[in-house]
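Let's see how the terms used for a model hold up against their cut-offs. Have a look at the structure first, and then we can go through it together.

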Amino acid sequence: MEIINSCKINRLTELIGNASHPVVVTHLKPDGDAIGSSIAMYSFLKISGKSDARIVINDRYPRYLGFLVDEDLEEAIDVYSEKPEAAAKAIAQSDLIICLDFNAFHRTENLCTHLQSSTAAKVLIDHHLNPDSESFDLVFSKTEVSSASELLYHVLMATPLVGGDASVLPAAAATALMTGMTTDTNNFGNSVYPTTLKMASELLRAGVDRDAILNSLYNQYSENRLRLMGHMMKDLLKITEDGVAYIVLDRKTQEEYCIEEGDTEGFVNMPLSIANVRMSLLLKEDGNKIRVSIRSKRGTSANRCARLFFNGGGHENAAGGRLLMPEHVASIEAAAGYIETYTHRYFTEGYED
Ligand code: 5GP
Ligand code: MN
């Protein structure tokens, strides 16, 4: 099964070989796949002799992914929201920018203008629909993979350095790739392809400790998080006549339960377990915007709904976006009405194919 084009691998190998300041970039509010793929790419650059490689992200990675980041790696990460000058400088000095787990520069928030003005060679390795290929010199884009981590795994395996032997990957890269694939598939709950299981099998054989990864990902949350989940499912979940489940999580409730970034990961999927629910939305108040997560069952497009009504996009059944206050909704209290109106239009006015 040829999922990687060998000419592109040669080009990537050449670009890495010629680079002295490679930078790895991923999307805003990075999740497990974004951080996992970025760390794996960074580790590969290091074994390729690129001692000055860096990772640049808009926001700090969530605490639950801290097990992937040791002290040396922490030194190599520039977080724009904490030190904008350092992050901008890393991009400006870079001669090779490798972008992971997003399809267009605007998904990096404040890094966007810096990336656009950079003259470095740019590579995209991503699994989202509609990649902005024009902005890149080399594109690895495939949507029929579980995650950017999986796609990167196949890319790295095809390089001369790794030569198809997963045990050549640095342990940090192997663990990070397994982590990214695990979070994007909800632990093998969705988007699992034959190539996903092949990757998992090869990484296990190469010595990745999956039990330790699962323990770090799923057994280290705060008590508050579980209690919030109970409150959300019992008191906040609403279901419309069109089979749309939605939850609006305002700032006050987040504060009450001391919710951190990443704590609500996975909650949006839960209402899909109800038979007549076709689509599930989770809206989180965040300053003057509302972050929107959308999941759908097969036959309903979360991506189309996100693009049409929530200023976003993503995958067919897992997408996201944002609503600004007061431009799109007057206040967080008005969000429920917005969802009910627009999802009703979505299901009744022919937006669904
Ligand atoms: P999540 O709900 O986990 O934040 O995001 C689900 C999926 O939708 C992810 O693949 C993410 O990249 C994508 N996504 C989330 N927000 C946006 C957005 O504002 N724009 C686009 N294009 N994709 C988004
Ligand atoms: Mn992803």
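**Terms and values**

Q: Why is leucine 129 called partly exposed?
A: Leucine 129 has 26% relative accessibility. Buried means under 20% relative accessible area and exposed over 50%, with partly exposed in between (1.4 Å probe, protein chains only). The value of 26% therefore makes leucine 129 partly exposed. A word on the source: this is a predicted model, in which local features need pLDDT of at least 70 and side-chain atom pairs count only at pLDDT 80 or more, while totals for chains, interfaces and linings use all residues. Residues are numbered from 1 along each chain as its sequence is written, chains are lettered from A and ligands numbered from 1 in the order in which they are written, and side-chain values use heavy atoms, with hydrogens and water left out.

Q: Where does leucine 129 lie, and which residues is it in contact with, leaving aside neighbours within four places in sequence?
A: Leucine 129 sits in the loop between β5 and β6; helices (H or I, at least four residues) and strands (E, at least two) are DSSP runs, numbered from the N terminus. Contact means heavy atoms within 4.5 Å, and with those neighbours set aside leucine 129 touches Asn103, Thr143, Asn303, Gly314, His315 and Glu316.

Q: Why does threonine 183 count as buried?
A: The relative accessibility of threonine 183 is 15%, and for that reason it counts as buried. Threonine 183 belongs to helix α7 (residues 171-184).

Q: What does the side chain of threonine 183 reach?
A: It reaches the backbone oxygen of glycine 180 at 3.2 Å.

Q: How do you know that β1 and β2 pair?
A: Two strands pair if DSSP finds at least two bridges between them. Strands β1 (residues 22-26) and β2 (residues 54-57) have 3 bridges and pair in the parallel sense. Valine 25 stands opposite valine 56 in β2. The open sheet has 6 strands in the order β3-β2-β1-β4-β5-β6, with parallel pairing.

Q: What makes β3 and β6 edge strands?
A: Strands β3 (77-79) and β6 (138-141) each pair on one side only.

Q: Why is strand β9 described as largely enclosed by the rest of the structure?
A: In β9 (residues 279-286), 7 of the 8 residues are buried, so the rest of the structure largely encloses this strand. Strand β9 pairs in the parallel sense with β8 (residues 244-249) over 6 bridges, while 8 bridges join β9 to β10 (residues 289-296), running antiparallel. Strands β9 and β10 form a hairpin with 2 residues between them, and glycine 287 in the turn has a positive phi of about 65°.

Definitions and conventions. A polar contact is a pair of N or O atoms within 3.5 Å; within protein, one must be able to donate a hydrogen and the other to accept it, and residues adjacent in sequence count only if both atoms are side-chain atoms.
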